[in-house]
Amino acid sequence: ALKLFKLLHRTRQAVFKNDARALEAARQKINEEFKHNQNETSEEKINELLKIASDVEMILRTSVIQAVHTDSDKI
């Protein structure tokens, strides 16, 4: 779980690079979700949560696009 936690944070830093608001929001959400489920004892539920976290990491890495506004009519 710790390895996945760290991986999510590294992915967050890469995906939302130079976007302070998105970096902070993602950091809070990751920490909140892991903290909310830290006392889970059911092995089945833990495996399900780890699968969800892994899927989220993959979606962040492959599907999120950061656009940069460069001019009044260009992105």
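Visitor: What covers the buried residues of α2?

Guide: Welcome! Keep in mind that this is a predicted model. Among what covers the buried residues of α2 is helix α1, residues 2-15.

Visitor: Which residues of α2 are the buried ones?

Guide: A residue counts as buried when its relative accessible area is under 20%. In α2 the buried residues are L23, A26 and I30.

Visitor: Why do the buried residues of α2 line one face of the helix?

Guide: Start with the general idea. An α-helix has 3.6 residues a turn, so residues three or four places apart point the same way. Now look down the axis of α2: its buried residues fall within an arc of 70°, so they line one face of the helix.

Visitor: Which exposed residues does the face of α2 turned away from its buried side carry?

Guide: That face carries the exposed residues A20, R21, K35 and H36.

Visitor: How many residues does α2 have, and what span does it reach?

Guide: Helix α2 runs over residues 20-36, which makes 17 residues. From its first C-alpha to its last it reaches 24 Å, close to the 24 Å expected at 1.5 Å a residue.

Visitor: Which residues lie nearest the centre of the largest pocket?

Guide: Of the 18 residues that line the largest pocket, L8, E33, F34, L49 and A53 lie nearest its centre. Sorted by class, the lining has 13 nonpolar, two polar and three charged residues.

Visitor: Now for single residues. Is T11 buried or exposed?

Guide: T11 lies in helix α1. Its relative accessibility is 7%, so T11 counts as buried. Leaving aside neighbours within four places in sequence, T11 is in contact with E57, L60 and R61.

Visitor: And E44, is that residue buried or exposed?

Guide: E44 has its place in helix α3. To count as exposed, a residue needs over 50% relative accessible area. At 67% relative accessibility, E44 therefore counts as exposed.

Visitor: What distance separates the C-alpha atoms of E44 and V68?

Guide: Those two C-alpha atoms are separated by 42 Å, and E44 and V68 are 24 residues apart along the chain.

Conventions
Residues are numbered from 1 along each chain as its sequence is written. This is a predicted model: local features need pLDDT of at least 70, side-chain atom pairs count only at pLDDT 80 or more; totals for chains, interfaces and linings use all residues. Side-chain values use heavy atoms; hydrogens and water are left out. Helices (H or I, at least four residues) and strands (E, at least two) are DSSP runs, numbered from the N terminus. The expected span of a helix is 1.5 Å times one less than its number of residues. Buried means under 20% relative accessible area, exposed over 50%, partly exposed in between (1.4 Å probe, protein chains only). The arc is that of the directions from the helix axis to the C-beta atoms. Contact means heavy atoms within 4.5 Å. On a 1 Å grid over the protein atoms alone, a cavity is a set of points where a 1.4 Å probe fits but cannot get out, and a pocket is an open set with protein on both sides within 12 Å along at least five of seven lines; lining residues have an atom within 4 Å of a point. Ala, Val, Leu, Ile, Met, Phe, Trp, Tyr, Cys and Pro count as nonpolar, Asp, Glu, Lys and Arg as charged, and the others, Gly among them, as polar.
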